[in-house]
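These are my notebook entries on one structure. I set out to look up its sheet and its salt bridges.

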Amino acid sequence: MFEFNKPLLIALGAAWLFMFLFQISLRKDGHPVARFFFTIIKVLLAAAVAFFLVFLDNIVAYRWGYVLMALYIILMGDALSDVIALIIRFIPNYKKKKRRVGDVLLGPETMASSGAPMTAGEGNGEEEATVGAAGEAGPSFEVEKEASPVYSRSRRVRKAEMQEEKRSFIKKPLGPIRRGILSLLFCCLLFAYGTWNGSHVGVKKHNWQVDGLKSTHTFVFVSDLHTGQGQKKEAIEKMVEKINDAKPEFVVLGGDITDEFTTYEEMMDIYRVLGKIEAPTYFIYGNHDRQVKSALSGGRTYEDQQLEKEIKRAGITILQDQFVKISDDLVILGREDMSSDSRGHWNSLKNPYEGKGALIVMDHQPFDKNQTDSSNPPFQISGHTHAGQLWPLQLVYETVGLPTYGEKEMSGNILYVSAGAGDWEFAFRTEESCQWDLITIEPVEP
């Protein structure tokens, strides 16, 4: 299912070779503190590259994204190898320690039988002693103590035990060649993990209690497929089969099903696949479906009218600031995306089913403060963020106050941000895995 991206592989090889040659002198003669700080710098640079690639809409990310992705993988993989090299350096050298202890434990009998040289007086326990009667000045004379191999051996055992307590560490760091091999290994492992994590789509199950419900409802939320480069058709076909097996009451496609890199043929194919979903299916636009940034990627591959035609041909209902009554106790609102000028203000939207059931808002982006910070915020489900996609972006976004992944409390209600089922520009992730959400909502227990 995975197709090798030749430009990305070439960029990976060039980036790794540059990193290896650049660090030869540092790894050979550099001070440990300097190497430590350089590792920190690599992690920070990798985070900056990730931010530039997946967060900022710029021509470099669209035209030269494979270079940025290669830099991220090499910087992060090399930093991981630095950490492992540091750990290896301070692993106790038990094999060397046992050899020393064995030498110490050799008693005089063993040494004699083995032909080992013995120094004068070794093993005979000779000592000098002064003996005199109590209270009297007795003559001083030497007493030859009887040879005591047992005493000598016990003393050697005590010495060995003290030696055992002294931990022997590898003091010399790995040389440039070994460090290069370790770096290459971890870069390959990171590339393999990120590719697997970005290509396999799992399911995440939720169970929430919602005010206004009289019965239990189960539905599916799928967002951010980014069909083509971000997720392959085969993975989406398997996902549709699993959705049908779950037998949800309805399905919501939460935007960015396609993007600027999706071809016209891929767009038509994916809606034929999504049209096989057996439950009623609703669609809301994301910021990429209508190829808003196509000028950065080299031009449009399909028009808005063609996209709308294929969505409707698949039997999918498009919602643009529209309310839908699912049942007597459940209403959903599908929002127009924040990237569109036609998006209505939250306070201007009037629910025709007000008071007739619970309201759940489906909004691609989770950043509308008028909506989430209102006096009566709705139960909202969003996507868009890919849970950061590349580590450590999830931590960075959450630190600055951007909801990125998971459940967020809002004045007694819930904002849930999905990790999404695909990836931006490349099927590669080092954050949460790709997933679609199977959601069960129940009445609030009294």
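I began with a definition: a residue is buried under 20% relative accessible area, exposed over 50%, and partly exposed in between, with a 1.4 Å probe and protein chains only. I noted that the model is predicted, so that local features need pLDDT of at least 70 and side-chain atom pairs count only at pLDDT 80 or more, while totals for chains, interfaces and linings use all residues. Residues are numbered from 1 along each chain as its sequence is written, and side-chain values use heavy atoms, without hydrogens and water.

**Entry 1: the sheet**

I took helices (H or I, at least four residues) and strands (E, at least two) as DSSP runs, numbered from the N terminus. Two strands pair if DSSP finds at least two bridges between them. I found an open sheet of 6 strands in the order β1-β12-β2-β3-β4-β5, with mixed pairing. Its edge strands, β1 (201–210) and β5 (317–318), each pair on one side only. β1 runs parallel to β12 (residues 434–443), joined by 10 bridges, and V203 stands opposite W436 in β12.

**Entry 2: strand β3**

**Entry 3: salt bridges**

I used this rule: a side-chain nitrogen of Lys or Arg lies within 4 Å of a carboxyl oxygen of Asp or Glu. The count comes to 18 salt bridges.

E336 and R290 form one, at 2.7 Å from N to O. E336 lies in the loop between β7 (330–334) and β8 (358–362) and R290 in the loop between β4 and α12 (294–297), so the pair ties together parts 46 residues apart in sequence. Both E336 and R290 are buried.

I then looked up K42 and D82, whose closest N and O atoms are 2.5 Å apart. K42 is in helix α3 (residues 32–54) and D82 in helix α5 (residues 65–89), 40 residues apart. K42 and D82 are buried.
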